[in-house]
Amino acid sequence: MVNDLINIFIPHIILILTIIVQLVLGILKPYSLTFKYKDINIRISNIVTVIGIIGATAGTLYSQGDYAGFNYSIIVTSDVKALSILVLICGLVSVFLNTNLLRGNRQGCYKYHVLVLTALLGGICALGANDFLTLFISLECMSFALYFLIAFPKGYPSKEAGFKYLITNAVSVAFFLFGVSYILGLTSSLNFTEITQIFESERCSIIYAIASIMIFIGLGMKLALFPFANWIIDVYAGSESSVLNLLSTVPKIVVTGVLIRLLSGVMGFNTEINAVILILGLITALWANIYAIKENNVKKLLACSSAANAAYMIIILAVFSSFAASAAVFYLICYVFMNMGAFAYVNMIEPECKLLTLDKLSQTDSKLNAAAFALCCLGLAGLPATSGFIGKIFLLYSLLQSGLILLPIVLLLLILFTIGLYFYIKLARGIIKTKQTAIHHHYKILNSFSRPVLLLMALITVIIGILPFNLLARCILLFQ
Amino acid sequence: MFDFSNILSLPVLVFLPLVFGIIILMPFFPNNDILIRRFAKGCIIFHFIYALLFWIFYNNGFISLYAPDWIKTLGISFGFAMDELALVFTLLTTIVFTLAGIASKLHIRHGQRYYYALLLFFETTILGIFNASDIFTFFLFWELELIPAYFLIAYWGEGGNAKKSAMKFILYTFLGSLFMLSGLILLHYFNFLATNTLNGQIGLYNLDKVSPELQVLISVLLLIGFGVKLPIVPIHTWLPDAHTDAATPISMILAGILLKTGAYAIIRFNLQTLPEGFKYIAPVLAVFALINIIYTALVAYAQTDIKRIVAYSSISNMGLILLGICSMNIIGLSGAVFHSVAHGLITAGLFAVCGIVLLRCRERNINKLGGIAAKMPRLFGFATVIILASIGLPSLAGFVGEVISITGALASELNDYTKFTALFALPVLILSSCYMLKFLHKGFFGEEGECKPAADIANHEFVILVSIVVLLFILGCFPASILDIIQNISVTNGAVVW
Amino acid sequence: MSEFFTDNLIWVILYPLWVFLLIGTGRLFAVRMSKKLLTLITLTGSGLGILFSGGALINILQSGSKEFVFTFIKIQNFLIQLGVNIDKLSAVYLLLLFTISFFIQLYSSSYMSREPKYYRYFGYLNLFNFAMGLLLVSPNLFQIYIGWELVGLVSYLLIGFQYTNPLKSTAAVKAFIINRIGDTALLTGILCIIYIMWTYSVSEFVTLDFSDFNIISSIVYAHTNNFTFTILCLLLFTGVIVKSAQFPFHTWLQEAMKAPTPVSALIHSATMVAAGVFLTIRLLPLLTLSKEILIFIVILGMFTALFCSLCAICQNNVKSVLAYSTSANLGLMIAAVGFGNIDLAVIYLIVHGFIKAALFLSYGMTNNEYTDDTGTTLPPSFIIASFALAGLAFAGLNCKELFFETFKQNTFLRIEFLLTAFMCAVYIFKLCCKYPLAKGKRPHAREQISVWVFLLIITAGTFAVYGSQLGFPFWTAFAGALTAIIISIKAKECKEGKITQICSEGFFIDKFYSRYIYSCYGKITDIANKIELYISNNKFLVSFVKAAVFIAGNIEKYILDAAVNLCAICTKFASRELEHAQTRNIQTYIAYGVLIAGIIFTAILLTYALVINSLGGIG
């Protein structure tokens, strides 16, 4: 690896520059609120962010090869780059969806963008982190930004949600740090490469196992894995869809990336961690799917879906192989796009309803929108012609490839998929107008971007579903 | 002379209905119900004629393997190929869809645009199942079929429970197909271990080196998936509900073809691809088949809803097909395929009759019906022939299928128990005449019931019933016409050159 | 010249089918066809049938049997053929079939003239001719089965001809299902033979041709043990028992009497029921291999003859008496076949066919259910035919004598036969005495012609059949007739004693079927249905998963609950419990989290401790 700071930090620098620009603009507020066109500030800040994110993406793509910097505390490899780009895309999409949110709080539009960019910055730093200190700081950077974002909209529910996220996060961080301190004690190093070398040569002790599990639990909270899973339903119920769009994707990508790195080295030398990952993943999926059966609130359902899908991804990682890692990343990519599609649709109808229940899902003026949403839901359920279907095949393939020992677990997973299908079908069915729910409700789309985003995501879902080959080949290349 | 075989292309065969369906959904398509219906009907019939060309120009061998790479990393291709087995089922599919398309006229009153689009989409998925040459292509269509089926059952169903039944159907089949998926993955993976090539083409599978125990495991996993569709008795409970609550044309398709996908898959995978493993399973499965046959025949007698009687009779007949497959010889296999075709037509006809009765009398309870024969003599004539075919009267198609299946099971070389199951399956001829004659006797004979029919069958219904009856006669009197093709189906994969 | 008849017999057999299809199609498109034309077409068929089968009979007597087959099912070396095989037996049978059928059709054209469903009726008659023809000319067992089923179907359709009458349609279903039992047994037997042949036969294709039936029988006999062989023969013979209305399946014939009278004459007395005798003759090479089977056949036939005669005595309805009498006489024929006297069986079959047809038609002449059905009167022709049936005169007398000759080795059978002959005379003359002679009624000419032709044939048969002497059978029949007359004069009606009642109820066999077997069947189906409901209502797919959650989370709470209710409770419980767990209270969530994390760590520590202990300490 080449020690080259410039190549590593181009995207980070661009993001930081954008943050500074947003801050300056926020202080200056170039157009006063009395200006005739009320949304001008929102537009300006959006454009700046979009340029910043696109610049950062271009910067990520610019550098070729692997690099390391700051005494191997940050590295850039192809998988880091790929996941970083995914993070940036998620950020970009949520910028397109933020109109509803910012119209409710026109004053704070620049603040909002600063927070989003900070979250993205934290995310891509964490993906590249190669020691625990960097990892911890970047993750917290991301989490704190998200915390403020959740609490950003006016009103009590968002504040409650933000607070819950903060507290749970704090506890999980405690676990994380506890685990890290054990590792530090065992190896007197925080650098992943060094730790890996030490554990490769030494006999592993029980302390090491417990430390790994603690780190896993700490990270797992961000994916809403058991034992810290319950927050997700309350937080999603109280949040706004563009924030949820970010919350349900960026931490997931980041934590999955980090876990792949940790499991391939630092935490990968004990078998207990695999068992724990499997058990926690299964329990989470079971919990989320069963909870969703009776649920009627769309956001809560999507929260369950989020937890369940995160759990599936983690279950793949329990059998750690390069194929499993690429399957997990593939699943992640598929999930991210379908999920963003679903949230884009929620974003369209959200302003009209205080409490978004299933029977209100059909309130859209275009059948195409409804169909696209249904497609995304069916994709999340893993029905074919969508990327979720291919993702599911690879998930099971990577599990079964590791041997028949996992067959019972696979069978349990199958049952979970089926229970999941139940509520996804409920979601997809929601788009059909029936006599009881046909409320003639005249409404106009507030956000002109949510429709293109929705259709684009649906299109991507279908394209990956039909022609998955390129993407999959790239995913496999990442981990060879 | 123009060579017709040049225009025969499997992807076109499979995706043609989908294209028609998309055309119907397009915004430029006039929003006129009659026009939509006629267009859709035309499309289905056109497609039927196209499929017929495959039959005409088929000469021993397979038609146009079309397999571009799909997921190259795992050797998976998006492959289609047609052999005798696929050909027979394809033809059945197009016939039943044509009949169902015609039958939709009076049954579907709302949302015609979406209905016909979904119907065409449904046809594509089923043809995809029958013509897939790659296991993952097969699985793709197998799952894809759930989506149109669900919406067709749920939103155009008869009676209030349609949504519930559709949900039951989709959950059952989805779980089954996931089990099947794990079986397929294991199949693919162990084939890779055995032959050292990653390959998804069903015809190229060679599992001789894989131990029988593993084959049994894979076979069982697959069978759970196929068994839900077929259905095999403990996992059949979705069927009566779905068939009863679906609209009549959809019931025709469900019973006529959807169940046959299960039979097809068992032949294709368990029998042809995993023969070593299936040897151990077949005797057990034969017992399940026997339970299917006898148990559901008993249950059918206790039903009072005419559609439920027909639904249970379907399960019973599917048991016969399963028994034929379990014999693991060419006679049983031919019988199973032949009976699939025969039963596909018979059950489609029976559901059509139920639908007509339902439309005219607005009643499905057999105790409230009666005396239809006097009011609707033409319907009575057709119904009698179809019912007689379903109880296996010679000279009609059902008889030939039953006899060949059971003879195959008798001639099975697996062990003596399989032969005994065949003997014990024979009393189904008595049981089936009990419940079917109850249908005829209570519904059509006797004094007029509470619900009186207004008029005899309409012209389009006449066309449906006539074509079914004529086909049943042709198949029953000249089974050789189709058996000549069916008997070329191989019991093992080895003989098929893909 | 007579070659021509044999070669083209196939068209004569197919002709009624075409007529049937023509009528069916015509009705479907509501085409009006004149009744006269229809009758003419039908009669032409039967007439040609008489001509061709007569011609074929002459030809065969000269030059031996003819066979012509084509492939029906062929799957590799599994071959089933259909075709035409005409030998003496089938030609004689065909002649009988077409003769009776011709006159009955002629009779029907006037008898049914007021029936609105006239076309359907004639369609069925044509279908019957075709089915029976198919059965009679079958070259192998398989085609026999096809014909067997088809004639059963026609019988069903004709019994339920007046389908608006629930009694008649129920009778049709009953008759059909009992017939179906026999058919299934026969099919099972045939399939078993196919299987045995297929396994052991050396020839390339397995067929069940009657021309090779001796070889087939020997192969079957060689490769089965005694028990299996007996079972196999019994299965095949069950078909015969049912179709020929032998004990204990004779009850369907009573139900069949609900059909129009000409149908009773044609199908249920003269021709279709005789198919059993035909099949027994065909199967004789197989059946003779086992002595027990032959004895069984004779005993069953003789028992049925006695039993049904007894039942017939106590009947009051003319058609019922005749139905029981048919069973009884068929029993005699089957016993004759069992004795190996095929000629006698065939002769008596023909004679009995004409006698019965004459009896039924005479009865129908004065008692038409479509015109007037008030009171029962009998025409003189009935009495003439009764003499023949009782064995007092004409061909009946000769046949009874021949029977007596046949049974000469066995005194017991001889006595039993005499008893049957006695009772036969009793029941038939009881009828003659009971009902008044029809006076002043002028039946239609076509009806009269048919009856008198039959009577003529019977009379002519007297000279054709060898062995007319007034031996024991004549005197017993004479005694029977006298007894009947005396009884009728003494007491106008039989006293309704207990024995009489039991006899007239046919020893309650029919009641036994409908009350016990039917209700037993109903109960079985009910049980099956209950299981079905239980399976389908218990959503075990979802509840199975939820049960797992439930057991894990709440094992103490509900562990004592019945296992059956478990699934249902869990379904509700799991989601409720999860909802409760979602308190919206952040402290709770963290408490859960820490608790579970603690459990995990404790578990790992304990595992380690155990492992280390078992290894004997660290190091």
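Where does P231(B) lie in chain B? Select P231(B): the residue lies in the loop between α8 and α9 (238-245) of chain B, helices being DSSP runs of H or I of at least four residues and strands runs of E of at least two, numbered from the N terminus. A cis peptide bond with omega of about -10 degrees joins L230(B) to P231(B).

This is a predicted model, in which local features need pLDDT of at least 70 and side-chain atom pairs count only at pLDDT 80 or more, while totals for chains, interfaces and linings use all residues. Residues are numbered from 1 along each chain as its sequence is written, chains are lettered from A in the order in which they are written, and side-chain values use heavy atoms, without hydrogens and water.

Next, display chains A and B together. Contact (heavy atoms within 4.5 Å) links 35 residues of chain B with 39 residues of chain A. The buried area, which is the accessible area (1.4 Å probe) lost on being put together, summed over both parts, is about 3300 Å², and carbon and sulfur atoms give 84% of it. On the chain B side, W70(B), F174(B) and I185(B) lose the most area to chain A, together 16% of what that side buries.

Then select K392(A) and E143(B), whose side chains form a salt bridge at 2.9 Å, N to O; the criterion is a Lys or Arg side-chain nitrogen within 4 Å of an Asp or Glu carboxyl oxygen. Proceed to α7(B), which gives the most to the side of chain B that touches chain A, with 15 residues.

Finally, select P248(C), joined to F247(C) by a cis peptide bond with omega of about 0 degrees.

Technical notes:
Buried area is the accessible area (1.4 Å probe) that two parts lose on being put together, summed over both.
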